Amino acid sequence: MGTQGKRERALIFGSVRESDWSFLKPRLTEPFWVVCADGGVVNARSAGLEPDVVIGDWDSGGAPVPGANNISLSPEKDMTDLQAAMEQALSLGARELLLC
């Protein structure tokens, strides 16, 4: 999970695989939310982070995570899981989103 304190930044993880997360290190100095769109939970954990929120219809390899706020979406919807994750981050008070 992101660092504690007022969190105005959110890292949004999608399900596209990445092998080098070193680009995140300079961005982990301020409090942040970790929001995963469905299978993005695999990427967040690969980056060494635990999700605060996992949202999706569970069709991309994701699943609810104990300890996270899990939001299940219908497979029939008007937005992607990634869009829903971004909206959720904004509703949490994030003012800056970093798509990972």
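## Salt bridges

The side chains of Arg-7 and Asp-52 form a salt bridge, 3.2 Å from N to O. Here a salt bridge is a side-chain nitrogen of Lys or Arg within 4 Å of a carboxyl oxygen of Asp or Glu. The pair links distant parts of the chain, 45 residues apart: Arg-7 lies in the segment before strand 1, and Asp-52 in the loop between helix 1 (40-46) and strand 3. Arg-7 is buried at 15% relative accessibility, and Asp-52 is buried at 9%. Buried means under 20% relative accessible area, exposed over 50%, and partly exposed in between (1.4 Å probe, protein chains only).

The structure holds five salt bridges. One of them joins Arg-45 and Glu-50 at 3.1 Å, N to O. Arg-45 is partly exposed at 42%; Glu-50 is partly exposed at 36%.

## Basis of the model

This is a predicted model, in which local features need pLDDT of at least 70, side-chain atom pairs count only at pLDDT 80 or more, and totals for chains, interfaces and linings use all residues. Residues are numbered from 1 along each chain as its sequence is written, and side-chain values use heavy atoms, with hydrogens and water left out.

Five strands form an open sheet in the order 4-3-2-1-5, with parallel pairing. Strand 4 (69-72) and strand 5 (96-99) stand at the edges with a single partner strand each, so one side of each has no neighbour in the sheet. Helices (H or I, at least four residues) and strands (E, at least two) are DSSP runs, numbered from the N terminus. Two strands pair if DSSP finds at least two bridges between them.

Strand 1 (residues 9-13) and strand 2 (residues 32-37) run parallel and are joined by five bridges. Ile-12 stands opposite Val-35 in strand 2.

## Asp-81 in helix 2

Asp-81 belongs to helix 2 and is buried at 9% relative accessibility. Its salt bridge with Lys-77 has the closest N and O atoms 3.1 Å apart. Lys-77 is partly exposed at 28%. Asp-57 joins Lys-77 and Asp-81 in a network of salt bridges.

Beyond its neighbours within four places in sequence, Asp-81 has contacts that include Ala-37, Asp-38, Ile-55 and Leu-73. Contact means heavy atoms within 4.5 Å.

## Arg-7 and Trp-33

Arg-7 also meets a ring: its charged end sits over Trp-33, 3.6 Å from the ring centre. The criterion is NZ of Lys or CZ of Arg within 6 Å of the ring centre and within 35 degrees of the ring normal.
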